[in-house]
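Visitor: I have a structure open and I would like to learn how to read it. Could we go feature by feature?

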Amino acid sequence: MSRPSPGRFRLQAPPNLDAEHGLDLLRTMVRIRRFEERCVELYSAAKIRGFLHLYIGEEAIATGVMAAIDLDDAAVSTYREHGHAIAKGIGTDVIMAEMLGKVDGVSRGRGGSMHLFDAATRFYGGNAIVAGGIPLAVGLALADKLQGHDRVTVCFFGEGAVDEGAFHESINLASLWNLPVLFACENNHYSMGMALTRAEAQTDLALKAASYAVPAWRVDGMDVLAVEEATRKAVTAIRGGEGPVFIEYETYRFRAHSMYDPDLYRDPDEVAAWKQRDPIPALASLLTELGHLDEDGLATIEAEADAEIDVAVTFAESSPLEPLDDLERFVVSEVTP
Amino acid sequence: MTATDATTRPTPETVRMTLREAHKQSLRAALDHDERVFLMGEDIGAYGGCFAVTMGLLDEYGPERIRDTPLSEIAIVGTAIGAAMNGMRPIAEIMTCNFSLLAMDQIINNAATLLHMSGGQFNVPVVIRTTAGAGRQLAAQHSHSFEPYFAHVPGIRVVSLATHADARGVLAPALEDPDPVILFEYPRLMTMEAEVPVDPDIVDLSSAAIRRPGSDVTVVTYGATQHTVLDAAEALAADGIDAEVIDLRSLRPLDDATVFASVARTHRAVVVEEAWRTVGLGAEVAARIAEEAFYDLDAPVARIGCAEVPLPYAKHLEDAAIPQVESIVAEVRRVMHRG
Amino acid sequence: MPSLGSGMDVGRILEWYVQPGDEVERGQIVALVETDKANIDVEIFTDGVIAELLVEAGVKVPVGTPLARLADLGTEVATPAAKEGQPAVEPAAEVPAPTSLVTSPIVRRLAERTGVDLHAVHGTGRGGVITRHDVEEAAAAQRPTPPAPAAPAGDGHRASPYARRLAAERGLDLSEVAGSGPGGAVLAEDVEAAATTGVRPSPAAGPPPARTAPGEVAAPPAAAATTAPADTGPATDRGQAMRQAIARAMERSNREIPHYHLGETIDIESTLGWLAEVNADRPPAERLLSAVLFIKATALALRRSSDLNGYWVDGAFHPGDGIHVGVAINLRRGGLLAPAIRNADERSLDELMAALKDLVERTRAGGLRGSELTDPTITVSNLGDSGVDTIQGVITPPQVAFVGVGRITPRPWAVDGMLAVRRTVYLGLSADHRASDGHRGARVLTAIADHLRRPETL
């Protein structure tokens with residue numbers, strides 16, 4: 001059982017919080033939330049099929065991390081990736097088209113919810129093999145280092161990936177070779193239905209990273225400002241040539257593992273307690289207290305997000321399907337890069 | 001193994017070398033030709049390579065380009081994939097194909113699929129070298145032939161290098177290829193010597209090679225076994241049977257046109273491989289002949305493969321498990337109806 | 001019924017948490033549904049009032065079935081106005097399929113290949129979409145229904161595929177060849193030996209190993225080239241594609257069909273006189289061309305000799321389902337197509353003329369239907385315009401006969417014991433010896449000539 005600390009969830013304002021920046025963080029989180037809520041409806045209507053892993057509750061991590069990295073930095077993601085993709089800067093229209101399996105989708109309908117890719121924003125994909133993207137991220141960072149690029153690769157994975165050998169082989173190699181990787185562990189406490197406490201003998205994940213001589217710390221993943229600050233600190237060190245950093249972002253998913261599951265493995269009280277720590281109202285409250293936001297302002301942000309998603313759905317629904325003649329494309333490259 | 005490559009003859013512009021040296025030369029050429037190329041793998045540097053192929057390269061090129069890794073097959077292949085996607089041309093080495101199973105997830109779920117899953121956005125120009133084959137009494141975890149496992153998967157090229165010409169002529173086009181290429185090398189051939197041209201020729205990655213022309217029966221094979229098959233072909237010639245020997249070389253994609261053209265001339269086909277027969281490349285080749293060259297056949301297609309057993313240690317058992325000159329000759333004679 | 005997980009097709013309402021008249025808000029759980037995997041809560045996505053429950057608890061329905069109707073907040077549920085409300089759960093929309101699906105490229109290509117007219121096919125797919133299966137069914141329906149394949153020659157004798165092929169090529173009867181292979185199987189070398197020592201040639205109907213799948217009617221060259229006229233590629237490519245298609249069919253014809261050729265030159269002076277009379281009162285646009293006389297005469301002659309009208313498929317002759325005369329039409333950019341005039345024997349000369357004009361026009365403009373190119377049961381080619389006197393044609397597989405017409409030219413001709421100058425024409429018949437013998441062919445050729453000499457019978 002993973003209970004958040006009791007008491008009212010209240011964010012601390014950093015001394016120099018820029019109002020517009022705070023509102024941007026809020027906008028991104030609301031856009032992710034609204035995007036996924038619409039996905040639930042489209043899934044119920046059988047317009048989205050396959051697996052649909054929702055990020056609802058975890059938006060502060062993608063939002064805070066992406067705010068702390070540069071446009072040219074790379075991200076490697078998991079199958080719970082809509083938030084990462086949106087926060088990285090991929091359009092909700094092409095993501096939605098992908099959800100619907102359309103040719104205008106960011107992966108031309110070949111990937112679906114679990115496999116969003118975008119070369120333009122250096123988004124190296126949702127990887128649906130737990131820990132499968134971690135060695136890949138290490139390789140991206142190795143190439144940057146060998147080519148003298150001043151770039152960082154952020155590698156998202158859940159706490160379940162720490163069970164896998166790929167994590168241990170990869171973080172060791174990244175440390176050994178001093179590579180510019182941020183290991184961004186989103187600990188939502190359950191790998192599918194398996195509680196961290198039932199899966200790992202040592203539940204302090206930072207200790208595992210530390211055993212590979214990688215600096216590691218834990219941060220409240222429901223506090224977007226704390227996420228951003230911790231990430232910024234890590235990225236500065238990584239870019240400075242100090243090697244990889246591991247951050248455990250402690251969080252919680254408000255919904256089931258995939259689109260729907262009976263959620264038999266979680267105590268409803270636990271779910272309810274974590275929902276009190278919803279990162280969106282938490283930031284909205286802080287911005288209101290600071291006088292940067294009022295009810296109208298919040299309503300405007302929500303309405304803008306709704307309108308954006310409306311446009312995305314219209315775009316996706318009107319996008320054509322890939323012609324069947326093209327079924328066997330993209331198995332081998334069509335042009336030499 | 002002291003057999004020489006039957007297809008080469010000494011001329012003034014040739015040089016004599018082992019297959020090991022041929023492999024090393026092509027690696028050296030790749031490192032010289034393209035500064036994006038680097039090697040990574042277990043004991044390729046200070047140790048000099050499990051089969052001594054990379055001996056000396058660490059001194060020549062330094063640790064940035066000849067990268068010794070921990071015993072981490074997933075990380076070796078996965079990191080090479082990531083580096084390949086980000087501008088480099090890594091050559092990852094997996095000591096033997098038995099160990100490649102540890103990296104199977106990265107090879108199949110990432111290398112082979114990323115281009116497709118990303119709708120054509122991310123290609124993976126990685127080269128993976130590994131080794132296969134029995135004959136050295138290394139038992140059931142170091143002797144197997146897993147070429148068919150990889151040849152099953154769309155999205156990767158699989159090439160087997162069992163001659164000097166291929167060892168020297170395949171790596172360069174493999175590195176030029178925008179997609180993943182897995183190269184199989186054969187430890188038991190490493191000391192094989194041949195006279196080779198000073199300047200190697202580039203090999204067409206997708207093509208099979210006719211190692212011995214013949215008119216009576218087509219014997220299709222690949223990898224180290226082709227040398228056993230060539231010996232068998234000479235034995236058959238003494239018996240009046242003129243066998244054509246085809247080295248598939250490219251195991252994916254398969255150059256079946258070369259096979260069909262040969263069968264159209266000989267009307268009989270035998271497939272010989274060192275991997276297990278069941279669900280193997282021989283099965284694939286036989287099926288394609290049945291599909292596309294049925295009316296050319298004057299006899300059923302025959303297959304010889306590894307006995308259906310994990311390879312045993314004892315020499316007589318190991319020998320009995322894999323194709324030998326005698327078993328190949330016997331099977332060809334049967335197909336020729338010369339029982 | 002919402003889709004509640006990957007692969008869910010149906011669900012059962014276990015319990016309703018709301019009743020008509022209840023107000024509901026977005027996100028509220030309104031029902032419990034049993035799926036294959038688990039019992040799942042159903043949430044609602046719109047604020048409103050439950051107007052009506054459409055599916056009772058305990059009932060299993062497919063995904064997409066409306067479960068309840070929802071009215072706007074404040075609506076009086078009991079009034080008929082509530083009927084305007086939207087369903088609580090939007091059904092999986094049975095939207096009309098986009099046109100791109102109706103004629104998906106694969107299905108379209110299949111239709112072209114098998115000569116199926118897509119406009120005539122009933123789609124059984126989602127939203128009436130024509131599926132691959134529909135086209136295959138339609139293609140099967142319009143094929144001449146083949147009887148059970150003839151037993152292979154050498155039945156009871158085993159033979160290698162290559163030996164069968166060789167035997168067919170050399171015209172040998174496999175049952176007469178001694179096999180030296182396993183179990184007495186005939187091998188290629190046995191056939192070679194038999195060919196040199198002389199074994200009775202197979203009867204005309206000896207089955208060759210047709211290189212087509214069982215039941216498949218191989219497309220004639222024209223069909224293989226149907227995409228050419230509509231092709232928007234460069235003319236040279238289209239021309240090459242058509243050349244290739246013709247080459248394949250002619251190679252196959254030459255390889256597989258044992259041709260025999262018959263010819264006769266006939267006097268058609270009086271027939272042409274008759275034609276001139278018919279045309280005398282007509283405006284130029286309505287005049288008949290001599291070409292239709294040959295088409296009609298051929299069609300009528302085949303009525304009594306069905307073994308020259310049809311297809312050779314899988315080692316057996318299948319009569320045509322009518323007399324559909326393929327008319328060879330050369331294209332200005334090179335190549336030719338031979339679309340069918342269906343049931344030519346039942347049409348008047350005027351109807352044939354109209355059909356011929358229409359075909360020529362559409363052939364050259366690229367407006368042929370695939371079926372028109374696979375329909376012919378015989379082909380008529382008129383090379384008279386090219387100044388050719390005689391013609392020995394090559395049959396278009398799987399057809400079994402070909403009628404060639406030469407130049408109409410005045411020749412010295414014996415009439416009633418006197419030498420006269422008469423207009424004559426050469427008629428050539430090429431036929432497949434597997435399907436018919438020379439005397440049958442001669443009867444057909446004679447019948448064509450008879451009809452031409454007596455134009456009133458046309």
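Guide: Start with contacts along chain A. Two residues are in contact if their C-beta atoms, placed from the backbone, lie within 7 Å. Among contacts in chain A between residues at least 6 apart in sequence, 77% link residues at least 24 apart. Keep in mind that this is a predicted model, where local features need pLDDT of at least 70, side-chain atom pairs count only at pLDDT 80 or more, and totals for chains, interfaces and linings use all residues. Residues are numbered from 1 along each chain as its sequence is written, while chains are lettered from A and ligands numbered from 1 in the order in which they are written.

Visitor: What percentage of such contacts in chain C join residues at least 24 apart?

Guide: In chain C, among contacts between residues at least 6 apart in sequence, 62% do.

Visitor: How many helices and strands are there in chain A?

Guide: Helices (H or I, at least four residues) and strands (E, at least two) are DSSP runs, numbered from the N terminus. Chain A holds 12 helices and 8 strands. Chain C has 13 helices and 19 strands.

Visitor: What share of the residues in chain A is buried?

Guide: A residue is buried if 20 or more other C-beta atoms lie within 10 Å of its own, exposed if 12 or fewer, and partly exposed in between; the C-beta atoms are placed from the backbone. Of the 337 residues in chain A, 56% are buried. For the 458 residues in chain C, the figure is 39%.

Visitor: Now the interfaces. How many residues of chain B are in contact with chain A?

Guide: 34 residues of chain B touch 36 residues of chain A. On the chain B side, helix 3 (73–85), helix 5 (104–111) and helix 6 (114–117) each supply at least two residues. Helix 3 of chain B gives the most, with 9 residues.

Visitor: How do the residues on that side of chain B divide by class?

Guide: Ala, Val, Leu, Ile, Met, Phe, Trp, Tyr, Cys and Pro count as nonpolar, Asp, Glu, Lys and Arg as charged, and the others, Gly among them, as polar. The side of chain B that touches chain A has 14 nonpolar, 17 polar and 3 charged residues.

Visitor: How many residues of chain C are in contact with chain B?

Guide: 10 residues of chain C meet 8 residues of chain B. Helix 4 (residues 161–170) of chain C gives the most to the chain C side, with 4 residues. That side divides into 6 nonpolar, 2 polar and 2 charged.

Visitor: How do I read two packed helices?

Guide: Two packed helices are described by the angle between their axes and the distance between the axes. Axes are lines fitted to C-alpha atoms, for helices over the stretch in contact, and angles run from 0 to 180 degrees between N-to-C directions. Take helix 5 (residues 134–146) of chain A and helix 3 of chain B: they pack at an angle of about 50°, with their axes 6 Å apart.

Visitor: Are helix 5 of chain A and helix 3 of chain B parallel or oblique?

Guide: Angles under 35 degrees count as roughly parallel, over 145 as roughly antiparallel, 65 to 115 as roughly perpendicular and the rest as oblique. Helix 5 of chain A and helix 3 of chain B are therefore oblique. By class, their contact has 13 nonpolar, 4 polar and no charged residues.

Visitor: Where do helix 11 and helix 12 of chain B meet?

Guide: The axes of helix 11 (residues 256–266) and helix 12 (residues 281–292) of chain B come within 10 Å and cross at roughly 60°. That makes helix 11 of chain B oblique to helix 12 of chain B. Asp256(B), Val259(B), Phe260(B) and Val263(B) of helix 11 meet Val285(B), Arg288(B), Ile289(B) and Glu292(B) of helix 12. This contact has 5 nonpolar, no polar and 3 charged residues.

Visitor: And sheets?

Guide: Strands of a sheet pair through backbone hydrogen bonds, either parallel or antiparallel. Two strands pair if DSSP finds at least two bridges between them. In chain C, 4 strands form an open sheet in the order 4-3-1-6, with antiparallel pairing.

Visitor: Which strands stand at the edges?

Guide: Strand 4 (39–43) and strand 6 of chain C do; each has a single partner strand, so one side of each is left without a neighbour in the sheet. The twist averages 40° from one strand to the next.

Visitor: How many bridges join strand 1 of chain C to strand 3 of chain C?

Guide: 4 bridges join strand 1 to strand 3 (residues 29–34) of chain C. Ile13(C) has Val33(C) as its bridge partner in strand 3 of chain C. Strand 1 (residues 10–16) and strand 6 (residues 60–62) of chain C are joined by 3 bridges. There, Val10(C) is partnered by Pro62(C). Strand 3 and strand 4 of chain C pair over 5 bridges, and Ile29(C) stands opposite Glu43(C) in strand 4 of chain C.
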